[in-house]
Amino acid sequence: MASRTVVDSVVCVEVPPAGAAAAEARASALRARFPGVIVERYLDRAPEVGERVRITAGAAVIGDVLLADDVSVWYGCVVRGDVNRVEIRERSNVQDGTVIHLGDRDPTFVAEEVVIGHRAVVHGCRIGGGTLVGIQATILDGAVIGEGSIVGAGALVTAGTVVPPHSLVLGAPGKVIRTLTAADEAMHRGLAHKYVRLAHNYRVG
C-alpha cells in the first residue's frame, strides 16, 4: 500500500500568520483554566474546549483540537493538531499515556462516548460512537472504526482499514473476530459515563 505521508505538507513561515495573536490569547486563557496543562497554539490555530472538560496536569493539547463538552484527557496524554485537525466529541475519554495525532490528509475524529484506554495511539483515523479502544491499541491513518466496536488491547488497525459497526477487533494486524451486540455498545457508553462522573468528582470534590 502506498504511504499516506506527504513529506512536503509543511511549509516554513517567515512571520507569524495574521491570526497568531488571537490564537495565542485563546491558548493563554486555557492555560489559566487548566493549570499544569501544556497548551500551545500552532500558527493561527489553538484548542477549543467545551464545558465540564477535564484536562489533567501534564497532558498536552496543541493546535487545531476540539474537545467537546464532558470530555476528559488524563495524565500524560498528548493531543496534537498541527498538520490537520483533531476532534473529540461529547463524553469521550482519553486515558493516561495516550497519543492522538493525525495524518497529512487524515484528520482524527473521535465520536461521542468513546473510551480510549491507557497508552493507545490514535493517528489520523475515525472512531465511531460507543467504541472501546483497548490498552496499548494502535489505530493508523485513514482507518475507520464503526460505532459500538471494540479494538482489543494491543491490537494494530492498519492504515486504511474499515471496520464495520459492532465489531470485535483483535490481533496485529487487527482482524474482526465477531459481531458485538447492542448490549456491548451500551456497556461501552456506560463506561464513558463513568468517566464523566469520575472527572466531575476530580473537578468538584
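# A charged pair and its surroundings

Mentor: In this predicted model, Glu113 and Arg91 form a salt bridge whose closest N and O atoms are 2.7 Å apart. The partners come from distant parts of the chain, 22 residues apart: Glu113 is in the loop between β9 (108-110) and β10, and Arg91 is in the loop between β6 (78-88) and β7 (93-94).

Trainee: Is Glu113 buried or exposed?

Mentor: Glu113 counts as buried because its relative accessibility is 8%, under the 20% limit. Arg91 has a relative accessible area of 25%, so Arg91 is partly exposed.

Trainee: Which residue meets Glu113 in a salt bridge at 2.8 Å?

Mentor: That residue is Arg189, and the 2.8 Å runs from N to O between the two side chains. Arg189 sits in helix α2 while Glu113 sits in the loop between β9 and β10, so this pair ties together parts that are 76 residues apart in sequence. Glu113 and Arg189 are both buried.

Trainee: Why would such side chains pair at all?

Mentor: Side chains of opposite charge can pair when their charged atoms come close.

Trainee: How many salt bridges are there?

Mentor: The count comes to 15 salt bridges. Some belong to a network that links Glu48, Asp64, Arg85, Glu87, Arg89 and Glu90. Another salt bridge joins Arg31 to Glu24, with the closest N and O atoms 3.0 Å apart.

Trainee: And how accessible are Arg31 and Glu24?

Mentor: Arg31 is partly exposed because its relative accessibility is 31%. Glu24 is also partly exposed, at 30%.

Trainee: Let us turn to histidine. Where is His101, and what does its side chain contact?

Mentor: His101 belongs to strand β8, residues 99-101. Its side chain makes a polar contact of 3.2 Å with the side chain of Arg80. A polar contact of 3.0 Å joins the side chains of His101 and Asp82.

Trainee: What else does His101 touch?

Mentor: Setting aside residues up to four places away in sequence, His101 touches Val86, Thr108, Val122, His123 and Gly124, among others. With a relative accessible area of 12%, His101 is buried.

Trainee: Which residues have a positive phi although they are not glycine?

Mentor: Leu43 is one of them, with phi of about 55°. Leu43 lies in the loop between β1 (38-40) and β2 (48-49), and its relative accessibility of 21% makes it partly exposed. Arg119 is another, with phi of about 65°. Arg119 is placed in the loop between β10 (115-116) and β11 (121-123) and is exposed, at 53% relative accessibility.

Trainee: What about the helices? Is Ala27 buried or exposed?

Mentor: Ala27 is buried, because its relative accessibility is 0%. Ala27 is in helix α1, residues 20-33. Apart from neighbours within four places in sequence, Ala27 is in contact with Val39, Glu40, Arg41 and Ala46.

Trainee: Finally, the whole chain. How many helices and strands are there?

Mentor: The chain has two helices and 20 strands. Its radius of gyration is 17 Å, close to the 17 Å that the globule rule gives for 205 residues, so the chain is as compact as a globular protein of that length. The C-alpha atoms fill a box of roughly 50 × 50 × 20 Å along the principal axes.

Technical notes: Residues numbered from 1 in each chain as written. Predicted model: local features only at pLDDT ≥ 70, side-chain atom pairs only at ≥ 80, totals over all residues. Heavy atoms only, no water. Helix = DSSP H or I, 4+ residues; strand = E, 2+ residues; numbered from the N terminus. Buried < 20%, exposed > 50% of the residue type's maximum accessible area, 1.4 Å probe, protein only. Polar contact = N/O pair within 3.5 Å; in protein donor to acceptor, adjacent residues only side chain to side chain. Contact = heavy atoms within 4.5 Å. Rg over C-alpha atoms; globule rule 2.2 N^0.38 Å. Salt bridge = Lys/Arg side-chain N within 4 Å of Asp/Glu carboxyl O.
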